[in-house]
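Here is a protein model to walk through by question and answer. Each answer sets a value against a cut-off and then concludes.

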Amino acid sequence: MTDLAAFAFGLPKAELHLHLEGTLEPELKFALAARNGIELPEKTVDEVKATYDFTDLTSFLAVYYPAMRVLQTADDFHDLAWAYLQKAKEQGVVHAEMFFDPQAHTSRGVPFENVITGYRRAAVRARDELGISAELILCFLRDLGADYAMATLMEALPYRQWILGVGLDSDERDNPPTKFTAVFARAKAEGFFLTMHCDIDQVGSIENIRAVIEEIGVDRIDHGTNIVEDPSLVALAKERGLGFTTCPVSNSFVTEQMKSDEIVGLLREGVRVTVNSDDPAYFGAYVAENYVALAEQAGLGPADLAQLAVNSFEVSWLTPSRKDAYIAAVRDYAAAQGVALAN
Ligand code: ADE
Ligand code: ZN
């Protein structure tokens, strides 16, 4: 491991853009299939990985959703999240705000309760056994429409104390954020934080980013780096201190590049960009590995990586005092290695 990679792994960080269903490694997929008596078309890990041939978001989602049928019981959801959280610990994660997609399960007959109770059990266990604070963000699947999203929000209300915020993911094509204005207004009124995916290089990317800022009033944007196309929107995002949860390695799978110029350009302008892993089992890189990949691509040094970690706490949904404590830990970590942060 290079010195920079060691620095990146040890850096205390928050992961803010991580789909729990995107952490399903082939080995666990086989184990869960066996446990649930499901026959899979692929027989080996290599055969599963051979299907990871993505050219864009749509071709990724076409592999991602079918894999989820091995997830059925609360134990399955627990085991998935627990495997991620153990991995996250090795990657320096001390706080995780994790997406989950209940409709990917309720739409195939799995009760919401199985999903939320399994994930919650893993989150509590992570706090007790790993010292990681782990929270859940419920994502609506934008291609399943606003009515189903609203019904899912209602189904989630009895579990509201276990859910920090709501998000919007899946296929953005023909599913702009404005379809979900009423759902997100209701979620906000119920006290949830709001975030939405603005995926990379979509038709209407910049209009969608404008809408999530101006109409929906999100607290954070997932991906969203197409904002660089409109400097006035960048200025607005900076003024509001909006966070961007970028995922460099994921970008390199669903587009031709990591979008490092956009990510680093925003970082240099003082916009609160963060680095995250998205669907690490599919893109082959957990969060520290994303820090390293971006650093290698863009020539970043340890002070830049420490700034990204500071940003991850600043735009997290932690309380101000907990943010301050984690940011102090980043500064101490950097200082102990002779690395000074810019501010
Ligand atoms: N679901 C899982 N990963 C996603 C991504 N990057 N964009 C949209 N939906 C997703
Ligand atoms: Zn995502």
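The questions below concern a predicted model, starting with its ligand and moving on to single residues.

Q: Which residues count as being around ligand 1?
A: The shell consists of His19, Leu57, Phe60, Leu61, Tyr64, Asp169, Ser170, His197, Asp199, His223, Asp278 and Asp279. Each has a heavy atom within 4 Å of ligand 1, so each counts as near.

Q: What makes His19 a polar contact of ligand 1?
A: The cut-off is 3.5 Å between N or O atoms. An N or O atom in the His19 side chain is 3.2 Å from a nitrogen atom of ligand 1.

Q: How much of the accessible area of ligand 1 does the protein cover?
A: On its own, ligand 1 has 260 Å² of accessible area, and the protein covers 98% of this.

Q: Where does ligand 1 sit?
A: Ligand 1 sits in the largest cavity. To be said to sit there, a molecule needs more than half of its atoms within 2 Å of the grid points of the cavity.

Q: Which helix gives the largest share of the shell around ligand 1?
A: Helix α4, residues 57-67, gives the largest share, with four residues. By class, the shell has four nonpolar, four polar and four charged residues.

Q: Why is Leu57 called buried?
A: Leu57 lies in helix α4. Its relative accessibility is 11%. Buried means under 20%, so Leu57 counts as buried.

Q: Why is Asp278 called buried?
A: Asp278 has a relative accessible area of 5%. This is under 20%, so Asp278 is buried. Asp278 is found in the loop between β8 (272-275) and α14 (280-283).

Q: What makes the phi of Asp278 worth a remark?
A: Most residues other than glycine have a negative phi. Asp278 is not a glycine, yet its phi is positive, about 70 degrees. Lys259 also has a positive phi, near 65 degrees, and is a residue other than glycine.

Q: How do you know that Lys259 is buried?
A: The relative accessible area of Lys259 is 8%. The limit for buried is under 20%, so Lys259 is buried. Its place is in the loop between α12 (248-254) and α13 (260-268).

Q: Why is Ser312 called buried?
A: Ser312 has a relative accessible area of 0%. That is under 20%, so Ser312 is buried. Ser312 is in helix α16, residues 302-314. A polar atom of its side chain lies 2.6 Å from the backbone oxygen of Ala309.

Q: Why is Ala298 called partly exposed?
A: Ala298 has a relative accessible area of 32%. Buried needs under 20% and exposed needs over 50%, so Ala298 is partly exposed. Its place is in helix α15, residues 287-298.

Q: What makes Asn36 partly exposed?
A: Asn36 has a relative accessible area of 22%. This value is between 20% and 50%, so Asn36 is partly exposed. Asn36 is in the loop between α2 (26-35) and α3 (45-50).

Notes:
Residues numbered from 1 in each chain as written. Chains lettered and ligands numbered in written order. Predicted model: local features only at pLDDT ≥ 70, side-chain atom pairs only at ≥ 80, totals over all residues. Heavy atoms only, no water. Polar contact = N/O pair within 3.5 Å; in protein donor to acceptor, adjacent residues only side chain to side chain. Areas by Shrake-Rupley, 256 points an atom, 1.4 Å probe, with all protein chains shown as cover. 1 Å grid on protein atoms, 1.4 Å probe; cavity = no way out; pocket = protein on both sides within 12 Å on 5 of 7 lines; lining within 4 Å. Helix = DSSP H or I, 4+ residues; strand = E, 2+ residues; numbered from the N terminus. Nonpolar A, V, L, I, M, F, W, Y, C, P; charged D, E, K, R; others polar. Buried < 20%, exposed > 50% of the residue type's maximum accessible area, 1.4 Å probe, protein only.
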